[in-house]
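Here's a quick briefing for anyone meeting this structure for the first time.

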Amino acid sequence: MSDVIIEAAARAAHEANRAWCLAHGDTSQPEWEDAPEWQKSSAMNGVRGVIDGNGPRESHACWLAEKEATGWKFGPVKDPEAKEHPCFVPYDELPPEQKAKDGIFVATVRSVLVAGGLLT
C-alpha cells in the first residue's frame, strides 16, 4: 500500500480524533498540518496496524509500545516535552472516552481504506 494512502488515512483519523477531543474540551491536538513529525509518524504506524488487522485494543497496545520505545511514560496530562501521557496505561485501564478515541481511529482508517477500494 502506498505511503500516500497511508498518510491520507492517518490524516483523516487524526482529524476525527482531534474533532472528538475538541468536542470534549481538549484543545491539545493540533491540526494535521501543524502536527509534529513524531505525531504524524505515530498515526501512520497506527494505520499500518489497522491494515494488518488491529482493532482498538491492539491499536492502543501498539501505540503504547511505540511510546515506551521512544521514552514516554505515564503522566497526569499530555506533555510532549516531558514525554508524559495520561493514556500510558493498558487498554483495560483506559477510561471509556479514551477507548472511544481508539475506536474512532480504527473506524476512520477502515472507512478511508474501504472508500478507496483497498479494504472490504
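Two residues are in contact, or touch, when they have heavy atoms within 4.5 Å of each other. Keep in mind that this is a predicted model. We'll go through a pair of helices, then a proline in a loop, then a lysine in another loop.

**The helix pair**
- Packed helices in general are described by two things, the angle between their axes and the distance between those axes.
- Here, helix 1 (residues 3–23) and helix 2 (residues 37–51) have axes that come within 8 Å and cross at roughly 105°.
- Angles of 65 to 115 degrees count as roughly perpendicular, so that's the label for helix 1 against helix 2.
- On the helix 1 side, the contact is made by Asp3, Ile6, Glu7, Ala9, Ala10 and His14.
- Helix 2 brings Gln39, Ala43, Met44, Val47, Arg48 and Ile51 to that contact.
- Sorted by class, the contact has seven nonpolar, two polar and three charged residues.

**Pro30, between the helices**
- You'll find Pro30 in the loop between helix 1 and helix 2.
- Pro30 counts as partly exposed because its relative accessibility is 23%.
- Leaving out residues up to four places away in sequence, Pro30 touches His14, Arg18, Ala35, Pro36 and Gln39.

**Lys83, between the strands**
- Lys83 sits in the loop between strand 1 (73–74) and strand 2 (84–85).
- Its phi is near 55°, a positive value in a residue other than glycine.
- With 33% relative accessibility, Lys83 also counts as partly exposed.

Definitions and conventions:
Residues are numbered from 1 along each chain as its sequence is written. This is a predicted model: local features need pLDDT of at least 70, side-chain atom pairs count only at pLDDT 80 or more; totals for chains, interfaces and linings use all residues. Side-chain values use heavy atoms; hydrogens and water are left out. Axes are lines fitted to C-alpha atoms, for helices over the stretch in contact, and angles run from 0 to 180 degrees between N-to-C directions. Helices (H or I, at least four residues) and strands (E, at least two) are DSSP runs, numbered from the N terminus. Angles under 35 degrees count as roughly parallel, over 145 as roughly antiparallel, 65 to 115 as roughly perpendicular and the rest as oblique. Ala, Val, Leu, Ile, Met, Phe, Trp, Tyr, Cys and Pro count as nonpolar, Asp, Glu, Lys and Arg as charged, and the others, Gly among them, as polar. Buried means under 20% relative accessible area, exposed over 50%, partly exposed in between (1.4 Å probe, protein chains only).
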